[in-house]
Amino acid sequence: MRTGAGRRAGGRGRGPSAAVATPVALSLGLLVVAGCLLGWYVPGALAAEAAYRSAPSCAGRPEPEESRECLEAVPGTVVAKEPGGGRGPRLPGLRWAADGGSQESWVRLEEEGPLFDALAPGDRVRVVRWRGEERAVVAGPLRQETAATPVDGHRLPYAVGLGLVPLGGVFGWVAYGWARRPEGARASWLVSVPMGCGLVLGAVGFFGPMVTDGLLDALLLSVGAAVPVLAAGVWLLRWRRARPAAPPEILPRLPGRERSFPGIVVGEVPYGAAGFGTLVAGPEGLAVAAGPEPGAARLPVPRSVAVVRVRPGAGRSGDWVVECRDGGREVLVVAAKEDLPWILGALQ
């Protein structure tokens with residue numbers, strides 16, 4: 001029988017694969033989007049808000065509307081109003097006509113507020129224009145920003161950017177961890193634990209700008225949340241890796257004679273060399289061989305290797321993984337489930 005470990009033995013499962021390329025692409029894509037938002041869009045939105053807040057009132061000198069940097073208050077009359085909601089994400093709006101003009105137009109507000117509630121058809125208003133667009137509506141002492149206002153225009157892109165940074169980092173973490181393991185040795189908790197941390201940090205990063213007043217406050221909130229979340233994630237990974245989980249039905253068996261079967265050894269150890277895709281279990285212990293032939297090259301697995309736990313592989317090949325430690329180094333033995341008793345017996 002040829003297991004997934006045997007089929008991938010030629011490259012020890014370290015070559016490029018979709019399982020590694022996908023999180024790498026997602027990590028790069030998310031970080032690029034976050035960099036564009038945080039490095040380009042947010043500074044531009046802050047600059048536009050600062051220019052809008054500091055813009056003077058127009059002195060009546062005619063200028064092209066698109067380039068007008070002053071605030072022009074255009075008087076007019078409310079013709080109709082339309083509440084928000086209904087079908088689709090429709091914003092509340094006012095239909096108004098400027099004095100001296102016969103054309104009516106709609107202006108959409110950010111939300112229904114005191115000004116919108118107080119107005120009725122026939123009421124007088126002043127619509128504030130800046131850079132050719134309606135930015136606010138004023139009626140007496142009441143003022144309400146429109147959907148085109150640059151005020152707080154940085155909040156949503158800043159929130160999205162802060163939320164994408166930890167998610168991009170998590171996918172990079174997953175890709176790094178999976179690149180160091182063959183497909184059959186990739187455990188699902190190597191993805192679930194980092195993804196849980198990333199989702200929590202992403203949520204904190206997204207909602208931070210919505211509940212704080214400044215950029216620094218939102219950033220400090222995200223950094224403060226990252227310390228305990230990442231600490232908890234590292235502890236979970238260490239606990240999960242060290243937890244003994246050998247299935248009770250898999251009992252060690254010491255072979256009376258040598259038995260060879262497909263399998264690989266993965267780790268930064270001399271006997272984890274590429275191209276050795278056969279495991280040999282016998283009275284002398286465990287060895288990894290270049291092939292099932294009697295004269296194939298072999299590398300013995302030393303007796304210093306200690307079994308930590310046994311778990312199923314994350315792929316669909318049916319491989320199982322024997323996690324071991326050789327001093328301070330992690331060693332993974334990947335083989336079919338029916339061959340595990342001989343591996344465990346040879347490693348005793």
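Thr 212 is found in the loop between helix H5 and helix H6 (215-242); helices here are DSSP runs of H or I with at least four residues, strands are runs of E with at least two, and both are numbered from the N terminus. At 14% relative accessibility, Thr 212 counts as buried (buried means under 20% relative accessible area, exposed over 50%, and partly exposed in between, with a 1.4 Å probe and protein chains only). A polar atom of the Thr 212 side chain lies 2.7 Å from the backbone oxygen of Gly 208. Such a polar contact is a pair of N or O atoms within 3.5 Å; within protein, one must be able to donate a hydrogen and the other to accept it, and residues adjacent in sequence count only if both atoms are side-chain atoms.

This is a predicted model, in which local features need pLDDT of at least 70 and side-chain atom pairs count only at pLDDT 80 or more, whereas totals for chains, interfaces and linings use all residues. Residues are numbered from 1 along each chain as its sequence is written, and side-chain values use heavy atoms, with hydrogens and water left out.

## A nonpolar surface patch

Leu 156, Phe 207, Met 210, Val 211 and Leu 221 make a nonpolar surface patch of about 490 Å². Patches consist of residues with over 30% relative accessible area and no salt bridge, with like charges joined within 9 Å and nonpolar side chains (Val, Leu, Ile, Met, Phe, Trp, Tyr) within 5 Å. Accessible areas come from the Shrake-Rupley method with a 1.4 Å probe, and for residues only the protein chains shown count as cover.

Helix H5 (residues 189-211) supplies the largest share of the patch, three residues. Met 210 lies in this helix and is partly exposed, with a relative accessible area of 38%.

Two strands pair if DSSP finds at least two bridges between them.

Strand E8 (residues 278-282) and strand E9 (residues 285-289) run antiparallel and are joined by five bridges. These two strands form a hairpin with two residues between them. Gly 282 has Gly 285 in E9 as its bridge partner, and Ala 281 stands opposite Leu 286 in E9. E9 is mostly covered, five of its five residues being buried. E9 also pairs with E10 in the antiparallel sense over three bridges, and the partner of Ala 289 in E10 is Arg 298.

## Salt bridges

The count comes to 13 salt bridges, each a side-chain nitrogen of Lys or Arg within 4 Å of a carboxyl oxygen of Asp or Glu. In one of them, Arg 298 meets Glu 258, with the closest N and O atoms 2.9 Å apart. Arg 298 lies in strand E10 and Glu 258 in the loop between H6 and strand E7 (259-266), so the pair ties together parts that are 40 residues apart in sequence. Arg 298 is partly exposed at 35% relative accessibility, and Glu 258 is partly exposed at 44%.

The side chains of Arg 311 and Glu 323 form another salt bridge (2.5 Å, N to O). Arg 311 lies in strand E11 and Glu 323 in strand E12 (residues 319-326), so this pair ties together parts 12 residues apart in sequence.
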